[in-house]
Amino acid sequence: MTRAVVLGGGLAGALAASVLARYVDEVVILEGDRYPDSPRSRKGVPQAQHNHMLMGGGAAAIDELLPGTTALLYAAGAYHRKIGQLVTLSAQGWFRRVDSDAYVINCTRPLVDHVVRAQAFRDEKIKVIESAKVVGLVGDAGRVRGVRFEQGQESPAEITADFVVDATGSRSKAPQWLAELGLPAVEEEFVDAGLSYAGRFYEVPEGTREDFPGVLMQTEPGTGQPGRGAALMLQEGRRWIVTLMGTRGDTPPSDEEGFMAYAKRLRHPIIADLLSLARPLTPIRASRAMADRRKYFDRLPVPEGFVAIGDAAMVLSPNYATGMSMAAFGAQALHEGLEGGGLRPGLSRSVQTAVIKAGEWPWQMAIGNDRWFPQVETNLTGKRVLGLDVAGMTDSMMRRFNVRFARTAAENPMVASATYAVTALSAQPSEMMAPPIMWAVMRGPRRPPLSAEEALAQYPELGDLLNPVPAFPPVPGQRVDAPDRT
């Protein structure tokens, strides 16, 4: 009998288990928590109580692995939103509304986890052991043959396995476990801008339309000042989830007065205005330690019978909303590897390489932004833009190129649509480098930036929510519309 063991039963683990069940006789999930019987937060998912967006590319991957999952999310109250129709204030100004196909699914992380678990665990081959703490791997430098774990006060136990998947998330101890088997240290890269979150749920005010678009205010890199941003999205149960974010040096407060004061200090008061109409439903919750970290397991002499996926291999700041999609892409890589010949020699290396490759663009997108905030901590060397090696460019040249591209996307529908498709992980980064796109970027913006009034006038879906609320006076030294810094 063939057996696979999955370490961690979160989103990445459940998806991996659903794949493995097609190729082995038994799949055992070792889960450190206990599962709730409804969509509720778990301590093992620290950002679960903050804003989550499932990117279109990730949603399509989950549907490919577990058909019908997104339909169940929508039936449970999740919202489909086109990225080009979100109210967006980017680092380079207000975006013009664009009717592109790129989309996100807005709902809580617990709902996604709950629906995916229900879909995956219908397979009777999958067995879950809850409250199980993994303490090590069994095997040697050439092959992993099982796992050691503890459960409650019982003595450590071992379970044999033909294949082990580490889906334990950002706190994975896999580098340590592999070192204990005689493997070299796992290389790691990190960029830490010190991003912090503070957020809560609100009851939507009377008059909020079902097609409320959502508001996204991006952080501003490269100004020499800490970045501040926010997101306000409609969630299942007709609630707003609001997240305020700030990089090192400007952490959003988690007290009532400080929370609203921070919202008012953002580059435009739209979110503070909307919150003044809504009734809080939960306490303000904060999250810290949200750095970008990438572990290069593929650079090891990868042992047979082991692979790391999801946040165990690469964790990105939740500011980029790519974590759930990366979990799905990792499970897809596992599926494609097994489809090529089942459990076979070389499977671990090919799958681990595919997992790293799937994360290349999201990694470059995240670090290409986060490295420009003040007081950033990193061990990176080298320079890349849009996934291309640009070692010959100076920092100033790189910054100007990024700004010009972003400013052009803010006013050019063609550039914006390509950017949205890649951001949604539904298209390859090469689409942003196509000749028509690059020609438009070289020409630069052809129209002046939208004023706040012009930008908000694009969204009749806001209804009368903003009209009864007097605008907060601008904070001295803060601007509302970012000028073109090309």
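User: How many nonpolar, polar and charged residues does the lining of the second largest cavity have, by class?
Analyst: In this predicted model, the second largest cavity holds about 90 Å³ of space. Its lining includes Arg294, Met314, Phe329 and Gly359, and the elements that give two or more residues to that lining are helix 8 (323-339) and helix 9 (347-358). Sorted by class, the lining of the second largest cavity comes to seven nonpolar, three polar and one charged residues.

User: Which residue meets arginine 294 in a salt bridge, and in which helix does that residue lie?
Analyst: Arginine 294, which is among the residues lining the second largest cavity, is buried, because its relative accessible area is 1%. Its side chain meets that of glutamate 360 in a salt bridge of 2.9 Å, N to O. Arginine 294 lies in strand 20 and its partner in helix 10 (residues 360-370), so the pair ties together parts that are 66 residues apart in sequence. The partner is therefore glutamate 360, in helix 10.

User: Is glutamate 360 buried or partly exposed?
Analyst: Buried means under 20% relative accessible area, and exposed means over 50%, with partly exposed in between. The relative accessibility of glutamate 360 is 27%, so this residue counts as partly exposed.

User: Which element supplies the largest share of the lining of the largest cavity?
Analyst: Several elements each supply at least two residues of this lining, including strand 17 (239-246), helix 10, helix 11 and helix 12 (413-423). By class, the lining of the largest cavity has 28 nonpolar, 15 polar and three charged residues. The largest share of it, seven residues, comes from helix 11.

User: How many residues apart are glutamate 187 and arginine 299, which form a salt bridge?
Analyst: The closest N and O atoms of glutamate 187 and arginine 299 are 2.8 Å apart. Glutamate 187 is partly exposed at 42% relative accessibility, and arginine 299 is partly exposed as well, with a relative accessible area of 46%. Glutamate 187 lies in the loop between helix 5 (174-180) and strand 13 (188-192), and arginine 299 in the loop between strand 20 (292-295) and strand 21 (306-308), so that this pair links parts of the chain 112 residues apart.

User: Which residues are linked in a network of salt bridges?
Analyst: Side chains of opposite charge can pair when their charged atoms come close. A search of the whole structure finds 21 salt bridges. The residues linked in a network of salt bridges are Asp192, Arg248 and Glu377.

Terms used
Residues are numbered from 1 along each chain as its sequence is written. This is a predicted model: local features need pLDDT of at least 70, side-chain atom pairs count only at pLDDT 80 or more; totals for chains, interfaces and linings use all residues. Side-chain values use heavy atoms; hydrogens and water are left out. A salt bridge is a side-chain nitrogen of Lys or Arg within 4 Å of a carboxyl oxygen of Asp or Glu. Helices (H or I, at least four residues) and strands (E, at least two) are DSSP runs, numbered from the N terminus. Buried means under 20% relative accessible area, exposed over 50%, partly exposed in between (1.4 Å probe, protein chains only). Ala, Val, Leu, Ile, Met, Phe, Trp, Tyr, Cys and Pro count as nonpolar, Asp, Glu, Lys and Arg as charged, and the others, Gly among them, as polar. On a 1 Å grid over the protein atoms alone, a cavity is a set of points where a 1.4 Å probe fits but cannot get out, and a pocket is an open set with protein on both sides within 12 Å along at least five of seven lines; lining residues have an atom within 4 Å of a point. Grid points are joined across faces, edges and corners, and a volume is the space filled by probe spheres set on the points.
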